[in-house]
Amino acid sequence: MTRRILITNITILNSITLNLLQGQDDKIRKTMDIQILLAFMVYFACVFCIGLFALKKSAKSSDFSLGNRSTNYWVTGISAHASEMSGWLFMGYPAMVMATGLMGAWTAIGLVVFMFLNWHFIAKKLRIETARTNSLTLSTFFEKRFDDTSGMIRLVSAFFCLLFFTFYISASLVELGRLFQSVLGINYHIGITVGIIVVFYTLLGGYLSMVWIDFFQGLFLLAMILLIPIIALIKIGGFGPIQAISAAQNIPFTLFPDFSFKTISSIFFAAAGWGLGYFGQPHILTKFMGIQDADEIKKAKYLGISWQILVLFGATLVALVGIAYFPYFNINLSSKELVYVMMVKDIFPPFIAGFILCAIIAAAINVISAQILVLSSTLTEDLFKKMFIKKTAAMSPAQAANIIKKFSQLSVLVVCIVAYCSAFSTDKPIFDLVFYAWTGLGASFGPLIIMSLYSKMRSRYAALAGVLVGGLTAALWPAASTGVPAMIVAYVFSFAVMIIGEKLDPRESVNDFGSLPPTA
C-alpha cells in the first residue's frame with residue numbers, strides 16, 4: 001500500500017513538474033513570438049514610410065504604371081533584380097540545392113548569364129521603342145509594333161499575363177504563409193492573409209512606391225543572404241564537414257559529377273530552362289521601360305548583375321552549409337524549404353532573428369508588388385482605356401486621370417483576391433510553383449519580344465500565334481513529363497510558328513522599326 005501511494009505521489013509530482021515546465025516553455029515561446037512579431041512590425045513601418053513618400057510623386061496613370069519613366073540607374077539596376085527574387089531565393093532554391101548538391105547551382109549560373117543577355121540586348125532597345133510609341137505595357141507595344149487594329153494581340157497578352165501572374169503571386173503568398181507558420185506558429189491561412197498587406201503600399205504610390213521599396217529591400221536582403229551562411233560556416237568549422245556529410249549522403253559536391261550526355265543535358269536544361277524566361281518577364285521588362293535615361297542602362301546592367309551574383313552565391317552557400325549544419329548540431333530540419341529560417345532562429349536571439357527573417361518577407365513582397373502593378377497596368381491600359389475611351393475623352397484631363405488611377409488601384413485589389421484564393425489550398429513545393437509561373441510568362445512573351453526588336457516580322461497573325469503557342473505550350477507541356485523543360489520547347493514552337501506565319505502572311509509595316517539603337 002505504502003509503495004503504491006509512493007508511486008502515485010511520484011506520478012502526481014512528475015505530472016505537476018511537466019505541466020510547470022510546459023507552462024514555462026509556453027511563456028518563453030510566447031515571449032519569443034512577441035519579439036519576432038515586433039521586429040516584423042518595425043520593418044513594415046519602414047516600408048509604409050517609403051510608400052507614403054512615393055505617394056506624393058504619383059499623380060497620373062503613367063506615374064502609377066511606369067513612374068513617368070523617371071527612375072535613375074541605381075534604383076533601376078537593383079529593383080529590376082529584386083523584383084524577380086521572391087522567397088524562392090531563401091526557400092525554394094536552397095531546398096533544391098540541398099537535394100541535388102552543387103550541381104543545382106547551374107540554375108543560378110543560367111540566371112546570371114541570361115539576365116546579362118537581357119540587359120545587353122533587350123533593355124535599351126525596349127526602353128527607346130516603348131517611349132517612342134508611348135507604350136506603357138508590353139501588350140500595347142506589341143499592338144503598335146504589328147499594327148494590330150483588331151485588338152487580339154492585346155487581349156491574348158492580357159489573358160496570359162493574368163493567368164501566369166496569378167500563379168506567381170500565389171507562390172509568393174505561399175512563401176509568406178509558410179514563413180509565418182514556421183516562425184510564429186500562425187495558421188497558414190492567416191499567414192497568407194497577412195501577406196495581402198502588400199496591396200496597401202502598392203495602392204499608395206504605384207510604380208515609384210514599388211521601385212523604391214524594391215531598392216531598399218534589395219539592399220537589405222543582399223546583406224541578410226550573405227551574412228547568415230558565413231556565420232553558420234564559421235560555426236561548423238569551414239567546408240570540411242560539408243564535404244564529409246555530402247559524401248555520406250551521396251550529395252554531389254561538384255558542378256560536374258561526370259561528363260555523360262545525361263549530366264550535360266541536365267546542366268543545359270537547368271540553365272536554359274530558367275534563364276530563357278528573362279526575355280519575357282513583364283515585371284522585369286517594365287523596369288527597363290521606366291528608367292529615365294536610356295544611356296544609363298549600361299550602368300544599371302553592371303550594378304544589377306553584381307547584385308544578382310552576390311545574392312545567388314549567398315543562397316547557394318545557405319544550401320551547402322545547411323547540408324552539414326543541422327546534422328552537425330543535431331537539429332531536426334522538418335523541411336528543406338526552412339533551412340534559412342531554422343538557421344537564423346538557431347544563431348540569433350528572437351528580435352534579431354525576426355528582423356533578419358524580414359528578408360524573406362522583403363523578397364516575396366518585391367515580387368508581389370511588381371507583378372500586381374504590371375497586371376494593374378495591363379487591365380487599365382489594355383482593357384479599361386480601350387473599352388471606355390469615348391467616355392474618358394468627354395471628361396476633363398484631370399477627371400479622366402483620376403478615374404483611370406482609381407481603376408488601377410481597384411484592379412490591384414481584385415488581382416490579389418484572385419491570387420489569395422489560388423494560394424489558399426496548395427501543398428506543392430515553392431520551387432515548382434515559381435518555375436511553372438516563370439515558364440509561362442517567359443514562353444508567352446520572350447520569343448515575341450526578341451522578334452519585335454531583332455526582326456523585320458510584320459504579320460500580326462504570326463505575332464498572335466507566337467504568343468498563343470508559347471503560352472499554351474508552357475501551360476500544358478509539364479503534364480507530358482518528358483524531362484525536357486517546357487520553356488525550351490515553348491521557345492522552339494513559338495519561333496517556328498512565327499517564322500512560318502510571317503512567310504504565309506507577309507505585310508508591309510506602317511511603322512518604321514528598321515533602325516534600332518545599339519545595345520547597352
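## Close-up views of a predicted model

View 1. Just past α4, G101 adopts a positive phi of about 85°. The coordinates come from a predicted model. The helix that G101 follows spans residues 92–100.

**View 2. Helix α4 and its surroundings.** Seven of the nine α4 residues are buried, so the rest of the structure largely encloses this helix. The buried residues are G92, Y93, P94, A95, M96, V97 and M98. They pack against four helices: α5 (106–132), α13 (297–328), α14 (339–347) and α18 (430–454).

**View 3. Helix α12 against helix α18.** Helix α12 covers residues 282–289. Its axis and that of α18 come within 10 Å and cross at roughly 45°. That angle makes α12 oblique to α18, because it falls in neither the parallel class (under 35 degrees) nor the perpendicular one (65 to 115). From α12, the contact takes in P282, H283, I284 and L285. From α18, W438, L441, F445 and I449 take part. Seven residues of this contact are nonpolar, one is polar and none is charged. Helix α18 also packs against the buried residues of α4.

**View 4. Two cysteines, C161 and C421.** C161 is buried, because its relative accessibility of 4% lies under the 20% cut-off. C421 is exposed, with a relative accessible area of 53%; the threshold for that class is over 50%. A disulfide is a covalent bond between the sulfur atoms of two cysteines. A search of the whole structure finds zero disulfides.

Conventions. Residues are numbered from 1 along each chain as its sequence is written. This is a predicted model: local features need pLDDT of at least 70, side-chain atom pairs count only at pLDDT 80 or more; totals for chains, interfaces and linings use all residues. Side-chain values use heavy atoms; hydrogens and water are left out. Buried means under 20% relative accessible area, exposed over 50%, partly exposed in between (1.4 Å probe, protein chains only). Helices (H or I, at least four residues) and strands (E, at least two) are DSSP runs, numbered from the N terminus. Contact means heavy atoms within 4.5 Å. A disulfide is a pair of cysteine sulfur atoms within 2.5 Å. Axes are lines fitted to C-alpha atoms, for helices over the stretch in contact, and angles run from 0 to 180 degrees between N-to-C directions. Angles under 35 degrees count as roughly parallel, over 145 as roughly antiparallel, 65 to 115 as roughly perpendicular and the rest as oblique. Ala, Val, Leu, Ile, Met, Phe, Trp, Tyr, Cys and Pro count as nonpolar, Asp, Glu, Lys and Arg as charged, and the others, Gly among them, as polar.
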